[in-house]
Amino acid sequence: MEKRRIAILGSTGSIGRQALDVIRQHRDLFEVELLTANSSWDLLVQQAIEFDANNVVICDEGRYGQTAEALKPHFVKVFAGMKSVCDLVQSDNIDIVLTSMVGFSGLESTIAAVKAGKMIALANKETLVAAGEIVMDLAAKHHAGILPVDSEHSAIFQCLMGSAGADIEKIHLTASGGPFRNWSRDDIAKATREQALNHPNWSMGSKITIDSATMMNKGLEIIEARWLFGTPGDRIDVVIHPESIIHSMVEYADGSVIAQMGHPDMREAIQFAFSYPHRLPLDSRKLNFAELGSLSFLAPDRQKFPALDLAYEALRQGGNMPCIMNAANEAAVAAFLKERIGFYDITDVVRETMEKVEYVKTPDLGCIFGTNTAAYSTANTLIDKISR
């Protein structure tokens with residue numbers, strides 16, 4: 001395997017930090033060409049120095065001076081703003097672009113990398129939720145590969161490798177059930193920010209952790225899976241699997257099911273995307289089946305977690321509706337994290353925003369960006385009305 005040059009978009013976030021740990025274990029096979037961060041300039045500086053990055057981008061332009069001054073003695077080239085990210089990901093010195101920016105903000109830079117024909121290690125599910133058809137068409141046109149980094153989609157991808165060309169009967173996305181799996185609906189309605197952030201299995205950023213608590217994260221994954229694997233929504237199922245050992249499963253026409261298993265550790269999926277089609281050693285906890293004892297499965301409670309039905313409805317309508325849903329969810333989660341609204345207000349805001357924002361059946365990229373702005377604005381207006 002030849003050495004691969006990596007760009008990490010969002011290197012100071014949870015996925016970015018774990019990606020750097022993978023590179024730390026395989027410095028002979030991976031090198032860092034580009035690191036980007038939104039505003040965490042001090043951590044970005046530390047990462048750039050440790051990994052001898054050629055370029056860094058601090059998206060918060062107000063932090064440029066501090067970043068440039070700190071990295072000046074280390075001869076690291078420093079840039080600012082999203083335009084710089086989009087320009088730099090097209091460099092011939094980059095083999096793989098890990099897109100791990102949070103939310104809709106990752107779309108623009110991912111499209112720039114796709115248009116440059118890069119291999120995309122996709123950790124930003126909102127890219128395919130908001131503009132799945134557009135992004136996949138561009139990837140085909142520009143011969144850009146897209147490898148999933150979400151643990152569930154990486155699992156599906158690996159399961160499909162085990163039966164190339166076979167007809168998929170169903171994709172089974174597994175979900176831990178989040179912190180409120182065993183709570184009553186009345187208790188969930190009173191859930192605090194701290195309780196929602198207390199995920200039982202995974203260590204993630206705050207936005208994705210809240211999405212896991214509402215199960216909107218699984219809704220986003222349904223839509224992402226539809227575009228990654230070309231599978232209709234009615235063949236994508238969600239099953240609660242509290243142990244989070246099976247990361248997802250693929251069922252074939254003959255009734256056989258292939259599952260991918262491992263402890264909850266995002267580094268496994270990140271490393272597989274970086275090294276594909278090779279498998280490398282990883283310093284991680286290995287499964288001991290005798291210690292596991294048993295694994296359990298149950299259906300999700302749609303009454304307690306209405307985000308799932310919202311996602312299926314957005315996928316059914318298609319067009320710009322998934323983008324509307326995603327933008328409203330981003331606004332509502334941000335408000336919940338600031339303790340402005342209650343837990344079930346999140347999905348209420350999403351539902352009403354989906355009803356209010358103009359639906360476009362065949363949006364272009366400009367429409368997607370406009371839809372995101374309009375949905376954010378509508379959602380924030382609704383949030384202002386109910387804000388506590």
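Reader: By class, which residues make up the lining of the largest cavity?

Author: By class, four nonpolar, two polar and one charged residues form that lining. Here Ala, Val, Leu, Ile, Met, Phe, Trp, Tyr, Cys and Pro count as nonpolar, Asp, Glu, Lys and Arg as charged, and the others, Gly among them, as polar. The model is a predicted one, in which local features need pLDDT of at least 70 and side-chain atom pairs count only at pLDDT 80 or more, while totals for chains, interfaces and linings use all residues. Residues are numbered from 1 along each chain as its sequence is written, and side-chain values use heavy atoms, with hydrogens and water left out.

Reader: Which residues line the largest cavity?

Author: The lining consists of Thr214, Lys304, Phe305, Pro306, Phe343, Tyr344 and Thr347. A cavity is a set of points on a 1 Å grid over the protein atoms alone where a 1.4 Å probe fits but cannot get out, and lining residues have an atom within 4 Å of a point.

Reader: What volume does the largest cavity have?

Author: About 30 Å³, taken as the space filled by probe spheres set on the grid points, which are joined across faces, edges and corners. The structure holds one cavity of 30 Å³ or more.

Reader: Where does the largest share of the lining come from?

Author: From α16, with three residues. Helices are DSSP runs of H or I with at least four residues, strands are runs of E with at least two, and both are numbered from the N terminus.

Reader: Thr347 is in helix α16. Is Thr347 buried or exposed?

Author: Thr347 counts as buried because its relative accessibility is 5%; buried means under 20% relative accessible area, with a 1.4 Å probe and protein chains only. Beyond its neighbours within four places in sequence, Thr347 is in contact (heavy atoms within 4.5 Å) with Pro306, Ala307 and Leu310.

Reader: Turning to the sheet, what is the order of its seven strands?

Author: The open sheet runs β4-β3-β2-β1-β5-β6-β7, with parallel pairing. Strands pair if DSSP finds at least two bridges between them. At the edges are β4 (77–80) and β7 (146–148), each pairing on one side only.

Reader: How many bridges join β2 to β3?

Author: Four, and the two strands run parallel. Leu35 has Val56 as its bridge partner in β3.

Reader: Which way do the residues of β3 point?

Author: Asn55 and Val57 point one way, Val56 and Ile58 the other, and all are buried. In a regular strand, side chains alternate between the two faces of the sheet.

Notes
Buried means under 20% relative accessible area, exposed over 50%, partly exposed in between (1.4 Å probe, protein chains only). On a 1 Å grid over the protein atoms alone, a cavity is a set of points where a 1.4 Å probe fits but cannot get out, and a pocket is an open set with protein on both sides within 12 Å along at least five of seven lines; lining residues have an atom within 4 Å of a point.
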